[in-house]
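The following note sets out numbered points on the model shown below. Please read them alongside the sequence and the coordinates.

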Amino acid sequence: MEYSEKVMDHFMNPRNVGKIEDADGVGEVGNAKCGDIMKMYIKVENNILVDVKFNTFGCASAIATSSMATELIKGKTVEEALELTNKAVAEALDGLPPVKMHCSVLAEEAIKAAIEDYMSKKA
């Protein structure tokens, strides 16, 4: 399987790994078929995602897409973060092998789940 340099970079040196203890929102998604599990943590101040962290158990693509997704939404508004698509994550990584596109979908779903969690606590 052929991975781009960016995928390998984010896999070998993932950004924003870890847990936010007092997170405003937490989203966990998984794909039973491939065994990947992603957990996203967000910290929100004045509607801006000031911090984003993740823990992912999965393949290189799952880790790389989690890492890139956190980079793409950090510093953005909640609304902007909600607009992030799996396609944008894959494109930012210079593409993913077709059999690994579901990893980028997981990253998008994890972000949305964390934001939904944040919104429900705020309501």
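1. K87 and E91 both belong to helix α4 (residues 86–92), where they sit four residues apart, about one turn of the helix. Helices (H or I, at least four residues) and strands (E, at least two) are DSSP runs, numbered from the N terminus. A salt bridge joins K87 to E91, with the closest N and O atoms 3.7 Å apart; the term denotes a side-chain nitrogen of Lys or Arg within 4 Å of a carboxyl oxygen of Asp or Glu. Both K87 and E91 are exposed. Here buried means under 20% relative accessible area, exposed over 50%, and partly exposed in between (1.4 Å probe, protein chains only).

2. On the basis of the note: this is a predicted model, in which local features need pLDDT of at least 70 and side-chain atom pairs count only at pLDDT 80 or more, while totals for chains, interfaces and linings use all residues. Residues are numbered from 1 along each chain as its sequence is written, and side-chain values use heavy atoms, with hydrogens and water left out.

3. Ten salt bridges are found in a search of the whole structure. One of them is between the side chains of K43 and D22, at 3.4 Å from N to O. This pair links distant parts of the chain, since K43 is in strand β2 (residues 36–45) and D22 in the loop between α1 (5–12) and β1 (25–31), 21 residues apart. K43 counts as buried because its relative accessibility is 18%.

4. K43 also forms a salt bridge with D24, the closest N and O atoms being 3.7 Å apart. Again the pair links distant parts of the chain: D24 lies in the loop between α1 and β1, 19 residues from K43 in strand β2. Both D24 and K43 are buried. What do the salt bridges that share partners join into one network? They join D22, D24 and K43.

5. T56 is placed in strand β3 (residues 48–57) and, at 14% relative accessibility, counts as buried. Its side chain makes a polar contact of 2.7 Å with the side chain of S66. A polar contact is a pair of N or O atoms within 3.5 Å; within protein, one must be able to donate a hydrogen and the other to accept it, and residues adjacent in sequence count only if both atoms are side-chain atoms. Leaving aside neighbours within four places in sequence, T56 is in contact (heavy atoms within 4.5 Å) with I37, M38, A62, I63 and S66.

6. N47 lies in the loop between β2 and β3. Is N47 buried or partly exposed? N47 counts as partly exposed because its relative accessibility is 27%. Not counting residues up to four places away in sequence, N47 touches K76, T77, V78 and E79.

7. As to the overall fold, the protein has five helices and three strands, in the order α-β-β-β-α-α-α-α along the sequence. The radius of gyration is 13 Å, close to the 14 Å that the globule rule gives for 123 residues, so the protein is as compact as a globular protein of that length. That radius is taken over C-alpha atoms, and the rule is 2.2 Å times the number of residues to the power 0.38. Of the 123 residues, 47% count as buried.
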